[in-house]
Amino acid sequence: MYKYLLVICLLAGFALTARAQNPDTTSSTILKNKMDTLKASRADTDFMQSRKPKVRKEKVYHPDTTHSPHRAVMRSLIVPGWGQVYNHKIWKVPLVYGGLIGFGWAYVYNAKNYRLFLALSKYRNHLITPGPKDPYYFEFNQYSQFGDQAIYNAKDGFRRDRDLCILGFVAFWGINTIDAYIDAKFIHSYTLDNNFTMRIAPNFINQPVYAQNSPISYIPGIKITFTL
């Protein structure tokens, strides 16, 4: 009797040991299914994010409160080109001084010739013949073949050009001041982003007035839209 009980206990122990050594396929399968589901959900999320339309950022304007148009104007009034330097437009300084120097040189040239022909006009008007030591003696002999009216016209012409050079010098100085104000007011007051786009699309254009009797009501064309 004890032998049978011992044999039964041994057989039961072997059976339990063999069952314990079998892998738990059910739990591993469930874990694998969960991992696959997680990967699929991540893939779907990535796909949806890739198809999601991008939101365009609105243009942002940044007013430069530290840049003063009044300072630019006052500096240009004091020293030509100083306002351009203040506006960081240094490349305009040579243009400013080139124009002012040009008007200054023209003023000197016309003023010199005006004094010359004014003296010759006085000699002609008073019937005076200058001596070798008198001013403009060489020029008096050089222009002796010209008539009195030609000398008077030359004098008036150089005086007019001299006065125009003075006005041009002052006007160019004023333009330099206006340019400094415009740069400071309209360029440095706001900073725009660089989101510039262009769109080209087909379009139909109405017939012009002179072609209203045409059998075709619309003309095919191209529409170009710029977004600044």
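**Rings, core and charges: a working chat**

Student: What does phenylalanine 103 count as at 28% relative accessibility?
Tutor: Phenylalanine 103 counts as partly exposed at that value. Buried means under 20% relative accessible area, exposed means over 50%, and partly exposed lies in between, with a 1.4 Å probe and protein chains only. The model is predicted, so local features need pLDDT of at least 70 and side-chain atom pairs count only at pLDDT 80 or more, while totals for chains, interfaces and linings use all residues. Residues are numbered from 1 along each chain as its sequence is written, and side-chain values use heavy atoms, with hydrogens and water left out.

Student: How many aromatic pairs are there?
Tutor: Rings of Phe, Tyr and Trp (its six-membered ring) pair if their centres lie within 6.5 Å; planes under 30 degrees apart count as stacked, over 60 as edge-to-face and the rest as tilted. By this rule the count is eight aromatic pairs. One of them joins phenylalanine 103 and phenylalanine 172; this pair is tilted, at 6.2 Å centre to centre and 50° between the planes.

Student: Which helices hold phenylalanine 103 and phenylalanine 172?
Tutor: Phenylalanine 103 lies in helix H5 and phenylalanine 172 in helix H7, so the pair ties together parts that are 69 residues apart in sequence. Helices are DSSP runs (H or I, at least four residues), numbered from the N terminus. Phenylalanine 172 is partly exposed, at 24% relative accessibility.

Student: Why is the pair of tyrosine 123 and phenylalanine 140 edge-to-face?
Tutor: Their ring planes stand at 90°, with the centres 5.8 Å apart, so the pair is edge-to-face. Tyrosine 123 in helix H5 and phenylalanine 140 in helix H6 (residues 137–142) are 17 residues apart, and the pair links distant parts of the chain. Tyrosine 123 is buried at a relative accessible area of 13%, and phenylalanine 140 counts as buried at 14%.

Student: Which residues make up the largest nonpolar core?
Tutor: This core has eight residues: Tyr114, Leu116, Phe117, Leu120, Tyr123, Phe140, Ile151 and Phe158. Helix H5 (93–125) and helix H7 (148–187) each supply at least two of its residues, and H5 has the largest share, with five. A nonpolar core is a set of buried Ala, Val, Leu, Ile, Met, Phe, Trp, Tyr and Cys residues joined through side-chain atoms within 4.5 Å.

Student: What does phenylalanine 117 touch?
Tutor: Not counting residues up to four places away in sequence, phenylalanine 117 touches Tyr143, Ile151, Ala154, Lys155 and Phe158. Contact means heavy atoms within 4.5 Å. Phe117 also belongs to an aromatic cluster with Trp105, Tyr109, Tyr143, Phe146 and Phe158.

Student: Changing topic, how many salt bridges does a search of the whole structure find?
Tutor: The search finds eight salt bridges, each a side-chain nitrogen of Lys or Arg within 4 Å of a carboxyl oxygen of Asp or Glu. Among them is aspartate 183 with lysine 92, at 2.9 Å, N to O. Aspartate 183 lies in helix H7 and lysine 92 in the loop between H4 and H5, so the pair ties together parts that are 91 residues apart in sequence.

Student: Are aspartate 183 and lysine 92 buried or exposed?
Tutor: Both aspartate 183 and lysine 92 are buried.

Student: Which residue forms a salt bridge with aspartate 148?
Tutor: The partner of aspartate 148 is arginine 124, with the closest N and O atoms 2.7 Å apart. Aspartate 148 is in helix H7 and arginine 124 in helix H5, 24 residues apart. Aspartate 148 is partly exposed, with a relative accessible area of 37%, whereas arginine 124 is buried, at 13%.
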